[in-house]
Protein chains: 2
Amino acid sequence: MSVLANKDKRTEARVNEVIASVPVLRQEWRERATRRLNSLTKPPGSLGRLEEIAARIMAIREEERPDCSKKVIFTLAADHGVTEEGVSAYPKAVTRQMVLNFLSGGAAINVLCRHFGIDVVIVDIGVEGGTDELEGLVKEKVAQGTKNMACGPAMSAEEMYAALEVGIDLARHAADNGSKLIGTGEMGIGNTTAASAITAVLTGRPVSDVTGRGTGVDDAGLRRKVQAIERAIAFNRPDPSDPLEVLRKVGGLEIAGLVGLILSAAARRIPVVVDGFISSAAAALACGLQPRIRHFLFAAHRSSELGHSALLEFIGQAPLLDLEMRLGEGTGAALCMTLIEAAAKLMNEMATFSSAGVSEAVG
Amino acid sequence: MSVLANKDKRTEARVNEVIASVPVLRQEWRERATRRLNSLTKPPGSLGRLEEIAARIMAIREEERPDCSKKVIFTLAADHGVTEEGVSAYPKAVTRQMVLNFLSGGAAINVLCRHFGIDVVIVDIGVEGGTDELEGLVKEKVAQGTKNMACGPAMSAEEMYAALEVGIDLARHAADNGSKLIGTGEMGIGNTTAASAITAVLTGRPVSDVTGRGTGVDDAGLRRKVQAIERAIAFNRPDPSDPLEVLRKVGGLEIAGLVGLILSAAARRIPVVVDGFISSAAAALACGLQPRIRHFLFAAHRSSELGHSALLEFIGQAPLLDLEMRLGEGTGAALCMTLIEAAAKLMNEMATFSSAGVSEAVG
């Protein structure tokens with residue numbers, strides 16, 4: 001870290017401070033939640049995983065009636081130098097085009113967030129090309145995309161810390177604005193390549209076992225993608241035990257932003273709904289930096305992208321949904337957030353056996 | 001059927017008319033939906049099962065932009081004579097107590113329907129005891145619960161037809177009121193016993209393989225439950241190829257009502273979201289009466305009640321959710337209906353590649 005300038009040393013210190021401030025969940029709050037759930041007019045445990053969700057939300061918030069109604073998804077957009085290797089079915093220009101689509105409300109994430117009453121915040125953290133003129137965009141561009149990881153590190157340490165800090169600040173602002181539930185989202189042509197590289201490094205599995213077709217690359221493209229990742233790992237030799245080194249060498253600016261966002265949300269006791277494959281790569285790195293992070297995460301869904309299951313297993317998360325989705329943007333998180341909100345409302349609003357005059361189980 | 005009085009013969013004719021009027025879904029509407037879905041700004045197929053849902057909704061409705069915003073769940077309540085055999089963890093009085101809880105808005109189904117913007121209609125189709133004084137209840141009591149199926153048929157033919165007709169009329173009114181999506185729900189102490197009996201008869205599996213703990217009966221209670229079902233089947237000898245005979249002999253009044261509701265909804269091109277185990281037993285009987293029914297069904301979730309998976313397999317439905325729930329009331333349907341509404345909105349509201357100026361896949 002001696003390469004860091006003073007500003008980056010300050011950022012590094014701030015990142016470490018956020019990591020250290022992630023709280024320990026207290027057993028007494030879980031027990032309080034269980035007592036409440038067992039008093040409600042339903043057979044004990046009959047709401048299944050919704051009960052576990054509600055109990056964990058109570059333990060995270062340390063509130064008797066945790067409110068999850070104010071929900072926000074951050075969709076971080078960035079480009080990837082590795083697209084030079086022909087790893088994607090779509091041209092790189094689609095990242096910026098989709099940002100425009102997000103801003104005009106026509107993308108899947110917009111439709112879902114309108115339906116579920118979720119705020120969606122679109123962030124340029126590394127999109128190639130100018131975005132100064134775009135209204136409604138959060139402009140935090142750290143660089144014009146990453147460099148090609150097949151030929152060297154994806155990012156400099158300066159870029160990585162800057163991107164981490166963007167995410168940290170996004171969660172801080174969200175907390176200050178009263179958000180109670182944060183979802184992760186991303187857009188970046190080439191970013192399943194980065195997420196597969198991270199997965200291969202962290203889990204130690206062969207690249208071909210954790211590399212899928214992303215947006216729908218053909219057989220030749222899939223071979224190029226696997227080879228590009230293998231070259232990236234061979235060249236960069238990231239240390240699996242050093243999450244920030246993995247992130248810097250084979251990650252992406254939006255992934256770095258999400259790592260910061262997740263850490264910072266947890267530090268402020270805000271549950272994080274992790275979308276799909278790319279978001280889970282960020283979550284895995286965040287868990288590497290702070291194992292307590294996993295208690296604050298809700299894995300939204302099992303993506304049909306090859307590699308996601310390995311990553312979910314690695315971070316010890318059982319996804320709530322399995323709808324064979326593989327779109328990203330935060331779409332899986334959007335679906336899941338309303339279920340989490342519903343779980344909290346069940347705990348908060350249901351009548352108890354005694355208040356409703358319902359007989360309890362016999363024997 | 002010679003035992004039927006004239007009124008019941010008219011009802012039988014009406015049931016047969018509803019069964020015959022369930023439409024065939026046309027392939028051209030599915031293809032139209034697929035073309036629309038592939039024009040939207042996402043990689044083809046990347047919304048996974050939401051795309052199949054949206055396409056099926058379009059084919060059911062035969063509308064270019066099917067609207068699912070007006071949603072209703074019917075929670076049919078009835079008692080079961082088989083509770084005499086000690087098959088439940090809760091006393092029979094809980095059926096009526098829970099009806100009161102539904103009416104005052106304190107049950108899980110109320111909380112979920114408020115959250116998701118679903119109307120919930122509580123129907124007394126066979127609750128033991130008086131309900132005349134209860135406001136907000138749909139009063140269609142056919143009988144004071146079923147008779148004990150371990151000692152004879154659960155219902156008379158008259159009762160069964162009356163209950164079927166209640167369900168038929170509920171869906172008709174819902175259609176007239178503009179409902180676009182119907183969910184099934186039920187409440188009835190002892191009704192997992194009836195649903196397990198139906199499952200055993202229809203699938204031919206051993207009773208002990210498809211009989212679970214319901215609301216949470218203990219080991220001794222589970223043995224009594226299995227024995228009661230075995231006696232009911234041995235005594236009544238229902239013909240597995242005659243769904244109405246199975247329904248009459250080992251079913252329940254709320255299950256009969258749901259059979260009518262499902263048939264009638266499909267006849268009016270309204271998709272039906274099937275809740276859990278008891279609702280799936282009704283759906284299986286409806287599929288037996290009219291195989292085209294399955295195209296109108298969406299199985300909400302896989303209940304953790306033993307026997308549900310066998311039933312889902314029997315009716316060829318892959319559930320959307322698997323959250324280890326086993327509460328009934330329509331709670332699984334409530335969670336699922338918002339996902340179906342979201343799927344339709346995605347198809348209706350997303351921008352196309354051409355309208356948004358997004359490049360399509362290369363190669």
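This is a predicted model: local features need pLDDT of at least 70, side-chain atom pairs count only at pLDDT 80 or more; totals for chains, interfaces and linings use all residues.
**Symmetry of the two chains**

Chain B is superposed on chain A by a rotation of 180° with 0.0 Å of shift along the axis, and the RMSD is 0.0 Å. The two copies are thus related as by a two-fold rotation axis. Within chain B, the residue that comes closest to this axis is B:Leu321, whose C-alpha lies at 3.2 Å.

**The interface of chain B and chain A**

Chain B contributes 53 residues to the contact, and chain A contributes 53 residues. Of the interface residues of chain B, 100% are also interface residues in chain A, so the copies meet through the same surface. The size of an interface is often given as the accessible area lost when the parts come together. Between chain B and chain A the buried area is about 4,500 Å², and carbon and sulfur atoms give 66% of that area. On the chain B side, the residues that lose the most area to chain A are B:Tyr90, B:His115 and B:Leu323, which together make up 13% of what that side buries.

The polar part of the interface has 18 residue pairs in polar contact, with both residues of each pair at pLDDT 80 or more. Five helices of chain B each supply at least two residues of the side that touches chain A: H3 (49-61), H4 (93-103), H5 (108-116), H13 (331-349) and H14 (353-356). The largest share comes from H13(B), with eight residues. By class, the side of chain B that touches chain A divides into 30 nonpolar, 13 polar and ten charged residues.

**The domains of chain A**

Chain A is divided into domain 1, made of 3-66 and 347-356, and domain 2, which spans 71-340. The C-alpha centres of these two domains of chain A lie 24 Å apart. In the contact between them, 26 residues of domain 1 of chain A touch 31 residues of domain 2 of chain A. The area buried between the two domains of chain A is about 2,700 Å², and 62% of it is given by carbon and sulfur atoms.

Between domain 1 and domain 2 of chain A there are 13 residue pairs in polar contact, both residues being at pLDDT 80 or more. On the domain 1 side, helix H1 (6-20) and helix H3 (49-61) of chain A each supply at least two residues that touch domain 2. H1(A) gives the largest share of that side, nine residues. The side of domain 1 of chain A that touches domain 2 has 16 nonpolar, two polar and eight charged residues.

**Salt bridges**

Side chains of opposite charge can pair when their charged atoms come close. Over all chains the structure holds 50 salt bridges. Two salt bridges are found across the interface of chain B and chain A, and three across the interface of domain 1 and domain 2 of chain A. The table gives three examples from the structure.

| Salt bridge | N to O distance |
|---|---|
| B:Arg114 and A:Glu349 | 3.2 Å |
| A:Arg14 and A:Asp169 | 2.7 Å |
| A:Arg26 and A:Glu62 | 2.9 Å |

The pair of A:Arg26 and A:Glu62 links distant parts of the chain, 36 residues apart. A:Arg26 is in the loop between H1 and helix H2 (27-39) of chain A, while A:Glu62 is in the loop between H3 and strand S1 (71-78) of chain A.

Notes
Residues are numbered from 1 along each chain as its sequence is written. Chains are lettered from A and ligands numbered from 1 in the order in which they are written. Side-chain values use heavy atoms; hydrogens and water are left out. Copies are superposed by least squares on the C-alpha atoms of residues with pLDDT of at least 70 in both. Contact means heavy atoms within 4.5 Å. Buried area is the accessible area (1.4 Å probe) that two parts lose on being put together, summed over both. A salt bridge is a side-chain nitrogen of Lys or Arg within 4 Å of a carboxyl oxygen of Asp or Glu. A polar contact is a pair of N or O atoms within 3.5 Å; within protein, one must be able to donate a hydrogen and the other to accept it, and residues adjacent in sequence count only if both atoms are side-chain atoms. Helices (H or I, at least four residues) and strands (E, at least two) are DSSP runs, numbered from the N terminus. Ala, Val, Leu, Ile, Met, Phe, Trp, Tyr, Cys and Pro count as nonpolar, Asp, Glu, Lys and Arg as charged, and the others, Gly among them, as polar. Domain bounds come from an automatic or database domain assignment.
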